[in-house]
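Good morning, colleagues. I shall take a few minutes to go through one model with you, beginning with a single residue and then moving to the whole chain.

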Amino acid sequence: MASKNKRPLPQGEQFFTPGAGGARRAVERRSAVPMTFLFTQVPRWVAPAVLVILLLAAFALANWLGGVAALVVLAFVGWLAYLSWPSLGVGGRLLRVVMLVFLALLAADRFGAF
């Protein structure tokens, strides 16, 4: 029995990348359950709100706690960037690389690397 709060899965021909190699196939299969849960069972506002709160904490806390918050955001954004990489154009890939580098530098700064 489906709840009216659940969102349907997005329409598309395939959920996994066609012709993907072993590592990508393994990551996509392991990511299927968390992605399905995140995008169908959790309200749409939760993931962006949590990421914004963590990013604000990373900016506000100039110690290792800010670094941990930045690493969590880095891991989530990196995970989504890896999964979406095959379907992106050059501009999308460049934007994701810039974002990942920025988050890595922010985390390194909060851990005292600079």
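Which residues does Ala-20 touch, not counting residues up to four places away in sequence? Ala-20 touches Arg-25 and Glu-28, where contact means heavy atoms within 4.5 Å. This alanine lies in the segment before α1. Ala-20 is buried, with a relative accessible area of 9%; buried means under 20% relative accessible area, exposed over 50%, and partly exposed in between, with a 1.4 Å probe and protein chains only. Ala-20 and Pro-86 stand 66 residues apart in sequence, yet their C-alpha atoms are 9.5 Å apart in space.

Before going further, a word on the basis of these values. This is a predicted model, in which local features need pLDDT of at least 70 and side-chain atom pairs count only at pLDDT 80 or more, while totals for chains, interfaces and linings use all residues. Residues are numbered from 1 along each chain as its sequence is written, and side-chain values use heavy atoms, with hydrogens and water left out.

The pLDDT is the predictor's confidence in each residue, from 0 to 100. Its mean for the protein chain is 86, and 84% of the residues reach 70 or more. Confidence is highest in α4, at a mean of 96, and lowest in helix α1, residues 22-40, at 81. Where pLDDT is low, the predicted coordinates should not be read in detail.

Now to the overall architecture. The protein chain has four helices and zero strands; helices (H or I, at least four residues) and strands (E, at least two) are DSSP runs, numbered from the N terminus. Of the 114 residues, 24% count as buried. Among contacts with a separation of 6 or more, 65% come from residues 24 or more positions apart. The accessible surface comes to about 8,000 Å², and 71% of it belongs to carbon and sulfur atoms; these areas come from the Shrake-Rupley method with a 1.4 Å probe, and for residues only the protein chains shown count as cover.

Which residues make up the largest nonpolar core? There are five: Ala-58, Ala-69, Ala-70, Leu-106 and Ala-107. Helices α3 (64-84) and α4 (90-110) each supply at least two residues of this core. By nonpolar core I mean a set of buried Ala, Val, Leu, Ile, Met, Phe, Trp, Tyr and Cys residues joined through side-chain atoms within 4.5 Å. Leaving aside neighbours within four places in sequence, Ala-107 is in contact with Gly-67, Ala-70 and Leu-71.

Let us stay with helix α4, where Arg-110 lies. Is Arg-110 buried or exposed? Arg-110 is buried, with a relative accessible area of 15%. Its side chain reaches the backbone oxygen of Leu-61 at 3.2 Å. Beyond residues up to four places away in sequence, Arg-110 touches several others, including Ala-58, Phe-59, Trp-64 and Gly-67.

Two further residues complete the survey. Thr-40, in helix α1, is buried at a relative accessible area of 6%. The Thr-40 side chain makes a polar contact with that of Gln-41 at 3.4 Å; such a contact is a pair of N or O atoms within 3.5 Å, and within protein one must be able to donate a hydrogen and the other to accept it, with residues adjacent in sequence counting only if both atoms are side-chain atoms. Leu-80, in helix α3, counts as partly exposed at 27% relative accessibility.
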